[in-house]
Amino acid sequence: MKYFEVSCEIRPFSEDAADVLSAQLAEIGFESFSQTESGLLAYIQQSAWNEDEMRQVVRNFCLPEVEIRYTKAEAPDEDWNQVWEEEGFQPIIIPSEEGQEEALIVVHDVKHTDVPPAQYDIVITPRLAFGTGSHSTTRLILRTLARLDLKGKDVIDAGTGTGILANMAIKRGASYVFAYDIDEWSVENAKDNLLLNHIQTLSDSPLKGEKQKVSPLRGGLEGSVAVVCGDSSVLERQPKADLLIANINRNILLEDLPQFAKVVKDKGKMILSGFYQPDVDTLTEAALQHGFFPIDMECEGDWAMLLFEADALGRRDV
């Protein structure tokens, strides 16, 4: 396959701005990224390149004080997917509370097995999908999942990526996770990562001793609602979710909140992340309009995570 290499200069440069830009470029078809001193090198199949979409990302970049300039060139013939996978990633260690020797969570790939013991050990082969635990928003959600009571709960993982959060939900005792993503390669990656962690997916034959199941499917939210409500076997297990997790950018969260309200049961919870601290008020107000009431907020650097509880009496448009 032929690729374009798009060099993006970020002024002023910051890792947070690079993270946001890579997430937005992934939404328009870019497959891999390499951070430089002043920005990003981003790679996209030539058949998927759309100049208008690229200009729109640059023009409407969500950090108004940041300027982005880009140039495009044909990338050398190389299997960028294989190169990216072979590099792997350094293990992510989330420590326990002070005084405990064992880590709370360790996320690592199959090549890095010399990791400290942890309460929750998650093996991930990213394959270009977002979610290794290296990003602040993923860590914020992982820590929150570690303290929530998920035993026997039904969960929706919106925009599952690598499936890291679905993995954590099952390890915390969830009985079922409906995980979906708009990208087929993310769904396939999530399935592989679930198997790496010895978690049965709904389409697999039963694994000895495993009762928990995850159903990773391709689709946007409208599609996921149709699948949840249209398959009687799923409907019996999860007419509505006890918990919905969404680690997506601000604009998509705002767009999808009305649908989130339809699939979370009364008194169920919702975790949102993927946005900056200045976006907290906007997202909180939007969530309130759909009957989600904030019960916790945590931040790491400039990034934020919100935990809500659903109250049917306060819901609109449901």
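Which residues have the most contacts inside the largest nonpolar core? In this predicted model, they are I105, V107, L142, L145 and V177, within a core of 34 residues.

**Nonpolar cores**

- Another core lies apart from the largest one and has 27 residues, including L257, F275, F292 and L306.
- Leaving aside residues up to four places away in sequence, I105 touches I92, I93, I94, A118, Y120, I122, L142, R143, A146 and M168.

**A cis peptide bond**

- Most peptide bonds are trans.
- The bond from R11 to P12, however, is cis, and its omega is near -10 degrees.
- You will find P12 in the loop that runs between β1 (3-11) and α1 (15-26).

**Positive phi values**

- Most residues other than glycine have a negative phi.
- H198, which is not a glycine, has a positive phi of about 60 degrees.
- This histidine, H198, sits in the loop between α6 (184-196) and β10 (200-201), and H198 is exposed, with a relative accessible area of 55%.
- K267 is also a residue other than glycine with a positive phi, near 75 degrees.
- Strand β13 (residues 264-276) holds K267, and K267 counts as partly exposed at 49% relative accessibility.

Notes. Residues are numbered from 1 along each chain as its sequence is written. This is a predicted model: local features need pLDDT of at least 70, side-chain atom pairs count only at pLDDT 80 or more; totals for chains, interfaces and linings use all residues. Side-chain values use heavy atoms; hydrogens and water are left out. A nonpolar core is a set of buried Ala, Val, Leu, Ile, Met, Phe, Trp, Tyr and Cys residues joined through side-chain atoms within 4.5 Å. Buried means under 20% relative accessible area, exposed over 50%, partly exposed in between (1.4 Å probe, protein chains only). Contact means heavy atoms within 4.5 Å. Helices (H or I, at least four residues) and strands (E, at least two) are DSSP runs, numbered from the N terminus.
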